[in-house]
Amino acid sequence: MDSFKLGLEKILNNPKTSFLTNPATFHEIHKTSGMPMSAMIKQIGKMEQNVRGKKKEPTDSERSKERLDELQSKSEK
């Protein structure tokens with residue numbers, strides 16, 4: 001998906017910033033950004049691509065559980 005489509009999807013799916021459900025907030029964000037609308041939507045899409053593209057790192061509790069499982073499997077052997 002290109003960045004424009006992702007940005008538009010992100011804006012429309014967020015009820016706080018969607019120009020369909022909350023046009024005043026969207027207008028304020030657009031006015032504050034100082035960018036043309038298409039550039040702003042593309043920028044949001046690029047940020048979303050970066051978020052979606054990153055591999056999620058395990059949390060500390062998940063790492064601890066993995067280490068505990070490894071220790072238990074070693075002690076059973």
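In which helix is the place of Ser-3? Ser-3 sits in helix H1. The legends below describe a predicted model, in which local features need pLDDT of at least 70, side-chain atom pairs count only at pLDDT 80 or more, and totals for chains, interfaces and linings use all residues. Residues are numbered from 1 along each chain as its sequence is written, and side-chain values use heavy atoms, with hydrogens and water left out.

**View 1. Ser-3 in helix H1.** Helices (H or I, at least four residues) are DSSP runs, numbered from the N terminus. Ser-3 has 14% relative accessibility and therefore counts as buried; buried means under 20% relative accessible area, exposed over 50%, and partly exposed in between (1.4 Å probe, protein chains only). Not counting residues up to four places away in sequence, Ser-3 touches Ile-41, Lys-42, Gly-45, Lys-46 and Gln-49. Contact means heavy atoms within 4.5 Å.

**View 2. The crossing of helices H1 and H3.** The axes of H1 (residues 3–13) and H3 (residues 37–53) come within 6 Å and cross at roughly 90°. This makes H1 roughly perpendicular to H3, a term for angles of 65 to 115 degrees. Axes are lines fitted to C-alpha atoms, for helices over the stretch in contact, and angles run from 0 to 180 degrees between N-to-C directions. On the H1 side, the contact is made by Ser-3, Phe-4, Leu-6, Gly-7, Leu-8, Glu-9, Lys-10 and Ile-11. H3 contributes Ser-38, Ile-41, Lys-42, Ile-44, Gly-45, Lys-46, Glu-48, Gln-49 and Arg-52. The residues of this contact divide into six nonpolar, five polar and six charged. Ala, Val, Leu, Ile, Met, Phe, Trp, Tyr, Cys and Pro count as nonpolar, Asp, Glu, Lys and Arg as charged, and the others, Gly among them, as polar.

**View 3. The buried face of H1.** Ser-3, Leu-6, Gly-7 and Ile-11 are the buried residues of H1. Seen down the axis of H1, they fall within an arc of 130°, so they line one face of the helix; the arc is that of the directions from the helix axis to the C-beta atoms. These residues pack against helix H2 (23–33) and H3. Lys-5 and Asn-13, on the other side of H1, are exposed.

**View 4. Helix H3 along its axis.** H3 has 17 residues and reaches 24 Å from its first C-alpha to its last, close to the 24 Å expected at 1.5 Å a residue. The expected span is 1.5 Å times one less than the number of residues. Met-40, Ile-41, Gly-45 and Glu-48 are buried in H3. Down the axis of H3, the buried residues fall within an arc of 135°, so they line one face of the helix. They pack against H1 and H2, while Asn-50 and Gly-53 are exposed on the other side of H3.

**View 5. Phe-26 in helix H2.** Phe-26 is buried, with a relative accessible area of 7%. Leaving aside neighbours within four places in sequence, Phe-26 is in contact with Ile-11, Thr-17, Ser-18, Phe-19, Met-37 and Met-40. The C-alpha atoms of Phe-26 and Lys-74 are separated by 56 Å, and the two residues are 48 residues apart along the chain.

**View 6. Asn-22, in the loop between H1 and H2.** Asn-22 is partly exposed, with a relative accessible area of 25%. Not counting residues up to four places away in sequence, Asn-22 touches Pro-15 and Lys-16.

Terms used:
Helices (H or I, at least four residues) and strands (E, at least two) are DSSP runs, numbered from the N terminus. Angles under 35 degrees count as roughly parallel, over 145 as roughly antiparallel, 65 to 115 as roughly perpendicular and the rest as oblique.
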